[in-house]
Amino acid sequence: MARRKYVVGNWKMNGLAAALGEAEAIFAAAREHGTVDVALCPPFTLIGPMIAAAPGAAVGGQDCHSAASGAFTGSVAAPMLRDIGAVLVIVGHSERRDGCGESDADVKAKAEAALSAGLSVILCVGEPRDVRESGRAIDHVLAQVAGSLPATFDPSRLAIAYEPIWAIGTGLVPTIADVAAMHGAIRAKLAEQAGAAAAQDMRILYGGSVNAENAAELLDAGDVDGALVGGASLTAAKFVPIIAAGASL
Ligand code: PGA
């Protein structure tokens, strides 16, 4: 079965209630581009209000704890996300791996907790600039995939996002050949770990400075099934052209 393109916005720590109009406009446009799956991951505080503003839309979290409940001040558990209507969660973003010291084992535990709570998961991997420059990017990313992949999973509910750290928020993007090579290597690794059929069904998203200008080319690269978009997902004016690019392929 052909994999549907998947365009996901990661609002990071951006967005007050006044931004809900942007989400409404984004989801209205998404309904018109019915061949592409669209989701938004706003800050925790906006998940409930965004679902209320756009009923039926795919809204998710940017992180969850690996425990279902407990004494973890400031954390949010996967069942809590599900409870307010979220349908997905991002785990292992580099801003959490690096900024909050999350290991592959932590990311794996979070992904497993999210799947058990009934959420879909976008599991992020990606290399820092020095690793890319030393020619070890593929080895680095495949080790992250091996270390963070849940023990068992439904391939339709787990997507991988390849996000080179040096491309996030910088305006830099890898060459299309490098993106295709990395995505092909990730799919081969998934086949080794989860079986060929699962690897064929799984979506592998690219993330890092995706915008209206480069989206079509990136989304059309080999083994690229979608985009995880930060800065350019905050407004309908910037995000809808990326959705349209996905729908046109
Ligand atoms: P960016 O962020 O699109 O602003 O580069 C992508 C991400 O971090 O998911």
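How many residues surround the ligand, and which are the closest?

1. The ligand's surroundings. 13 residues surround the ligand. The closest are Lys12, His93, Glu163, Gly169 and Ser209. A residue counts as near if one of its heavy atoms lies within 4 Å of the molecule.

2. Basis of the model. This is a predicted model: local features need pLDDT of at least 70, side-chain atom pairs count only at pLDDT 80 or more, and totals for chains, interfaces and linings use all residues. Residues are numbered from 1 along each chain as its sequence is written, and side-chain values use heavy atoms, without hydrogens and water.

3. Polar atoms at the ligand. Lysine 12 places a polar side-chain atom 2.7 Å from a ligand oxygen atom. Serine 209 has a polar backbone atom 2.8 Å from an oxygen atom of the ligand. For glycine 230, a polar backbone atom is also 2.8 Å from a ligand oxygen atom. On its own, the ligand has 280 Å² of accessible area, and the protein covers 95% of that. Accessible areas come from the Shrake-Rupley method with a 1.4 Å probe.

4. Lysine 110. Lysine 110 is buried, at 9% relative accessible area. Buried means under 20% (1.4 Å probe, protein chains only). Leaving aside neighbours within four places in sequence, lysine 110 is in contact with several residues, among them Cys64, Val91 and Glu102. Contact means heavy atoms within 4.5 Å.

5. A charge over a ring. The charged end of arginine 203 sits over the ring of tyrosine 6, 4.3 Å from the ring's centre. The cut-offs: NZ of Lys or CZ of Arg within 6 Å of the ring centre and within 35 degrees of the ring normal.

Conventions: Buried means under 20% relative accessible area, exposed over 50%, partly exposed in between (1.4 Å probe, protein chains only). A polar contact is a pair of N or O atoms within 3.5 Å; within protein, one must be able to donate a hydrogen and the other to accept it, and residues adjacent in sequence count only if both atoms are side-chain atoms.
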